[in-house]
Amino acid sequence: MKNKPYPYYDVPEMNDIKDMIFRNAREIPDNTAFVYPCETGEMRKTFLDLKDDVVAFGTWMYNKKLKDKRVAIVGENSYEWLVIYLATVCGGSIGVAIDKSLPEDEIANLAKLADVDTAFVSDTYFEKVGKKICRKSWNMKEFESILSEGRRLVKEGASEEFVDYKMVDERISTILFTSGTSGVSKAVQLSNKNITYEILHTSMLFQPKGGVLAVLPFHHAFGLVVGILMVVNYKQPIFINKSLKYVKKNMEEFGPQTMFLVPMFVEFFHKQIWAEVKKKGKTQAFKGLMKSTDLLKKAGLDVRSKTYGNIQKVFGGNLEYIICGGAALDPMYVKEFRSWGIEILNGYGATECSPVTAVNRPNQHKDGSVGHLVPGIEVKTTDEGELAFKGEIVMQGYYKNPEATAEALQDGWYFTGDLGYVDEDNFIYLTGRKKNLIILSNGENISPEELEQDIARDEAVQETLVYDEGGKIVAEIFPVEEHFGDVEYFEKLKNKVNKGRPIYKQITRVKLRDKEFIKNATMKIVRYKNIPNSK
């Protein structure tokens with residue numbers, strides 16, 4: 001199909017997450033829902049297993065009087081994490097997802113901010129933070145024994161109160177913390193309706209038709225709502241990655257058709273591929289090959305699967321789509337991965353919007369955009385160019401933070417802080433971040449992201465950050481190892497990036513660093529922790 005508008009996908013109906021779990025168990029009980037590695041090997045859970053496990057855990061929670069509670073979940077991505085979350089929200093309690101990699105005191109502070117009543121913490125972190133979160137904390141290593149007790153309760157005819165509980169649309173079900181780059185985390189309150197609407201309407205734009213490798217953290221909205229719940233609603237199997245060091249191995253073993261990633265992964269894979277080509281001394285030949293296969297594809301002859309089979313093997317041999325969100329992605333990556341036979345569909349959103357507001361479609365996409373607006377929601381831009389969204393995906397506010405809520409939500413509109421525009425086809429484009437704007441003494445405004453994108457394209461650059469220092473534009477760079485301390489190389493790069501730009505948009509100075517920038521949960525550089533004298 002040509003790159004043009006086409007009908008939205010038909011989405012499996014669901015009233016809420018609980019309805020989705022029970023529906024799948026009825027309709028496709030023996031289909032694989034999850035595959036995950038554990039101490040005894042590779043485990044598989046069917047959709048019937050998932051429903052039975054959620055019911056058993058939920059029944060145990062009700063038996064322990066864990067109803068109408070705020071339940072913190074802290075730990076690595078795991079099947080246990082998901083069952084605990086699902087049992088929590090399907091029983092009417094609030095799931096509070098906290099990043100396990102944060103400092104101990106910060107985890108405790110976030111739990112306190114959310115008024116957590118009880119917590120489930122993986123064994124890896126239990127001794128460090130279990131008791132700091134709240135007095136009633138459970139170690140996830142007890143998961144199997146809890147399930148066994150729950151199954152016994154169900155078998156012996158315990159109260160069916162959990163099973164009979166009806167989820168309420170307007171009720172808060174989930175608290176997720178913002179992972180912003182410029183300030184303190186805020187507790188985003190999402191209702192059952194927020195999440196259900198997100199699953200159904202984002203699914204209208206993209207439909208996975210094969211297995212998905214879940215890499216992104218479950219405590220993040222993109223990783224949980226889109227990478228897990230949307231895929232479950234589409235009845236596709238999910239392989240759970242427990243650690244980033246196993247991503248390559250998991251791809252080869254599972255052979256996913258779709259992956260949901262943030263730009264850091266895309267950039268890493270891209271640089272690895274080109275590094276291998278360079279190592280073989282075939283850079284120019286490979287570029288020529290890409291031009292040839294691109295021309296053949298335009299002429300109607302697609303030879304990418306045969307030509308780039310070795311690249312496909314890196315991803316397991318079946319990868320068709322990467323859905324990329326969480327931060328801006330240079331269109332160059334989209335074009336080059338497409339040349340190799342993998343379509344990157346760039347998307348956009350915020351935790352406050354459950355989280356996706358736009359995504360490119362397989363057969364309707366625009367390179368450079370962050371996607372087509374999710375059906376059923378509204379978008380507008382302010383006079384300053386700030387994007388705002390309105391609709392059923394917009395959060396219920398920040399918990400215990402009325403000032404921040406009043407600033408972000410106005411007349412039902414969520415103001416993102418992102419600068420951009422919407423074209424005539426409802427595709428959204430980003431131009432920068434409102435808070436990141438560099439305002440020079442001559443009144444000119446500069447989006448640092450524009451310069452950062454051009455710098456990051458260079459193969460010698462791992463990470464970069466552009467900021468104002470004393471009225472001068474500085475580019476701070478974390479190079480690849482072989483270019484550590486290579487001042488001359490990066491002076492030439494500075495001149496290359498500056499070429500053709502007006503003087504006020506030119507980089508004045510380059511700083512080199514020997515360690516990575518501090519990043520948040522979605523692997524975005526945290527500006528306020530990295531820029532000198534920032535607040």
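## Helix pair

A crossing of two helices is called left-handed if the near helix is turned anticlockwise from the far one by less than a right angle, and right-handed if clockwise. By that rule, α1 makes a left-handed crossing with α2. This is a predicted model, where local features need pLDDT of at least 70, side-chain atom pairs count only at pLDDT 80 or more, and totals for chains, interfaces and linings use all residues. Numbering starts from 1 along each chain as its sequence is written, and side-chain values use heavy atoms, with hydrogens and water left out.

Helix α1 covers residues 17–27 and helix α2 residues 47–63; their axes sit 8 Å apart at an angle of about 135 degrees. (Axes are lines fitted to C-alpha atoms, for helices over the stretch in contact, with angles from 0 to 180 degrees between N-to-C directions; helices are DSSP runs of H or I with at least four residues, strands are runs of E with at least two, numbered from the N terminus.) That makes α1 oblique to α2, as angles under 35 degrees count as roughly parallel, over 145 as roughly antiparallel, 65 to 115 as roughly perpendicular and the rest as oblique.

## Sheet

Over in the sheet, 3 strands line up as β23-β24-β25, open and with mixed pairing; two strands pair if DSSP finds at least two bridges between them. β23 (461–469) and β25 (509–512) are the edge strands. The twist averages 25 degrees from one strand to the next.

β23 runs antiparallel to β24 (residues 472–479), with 8 bridges. Y467 has V474 in β24 as its bridge partner.
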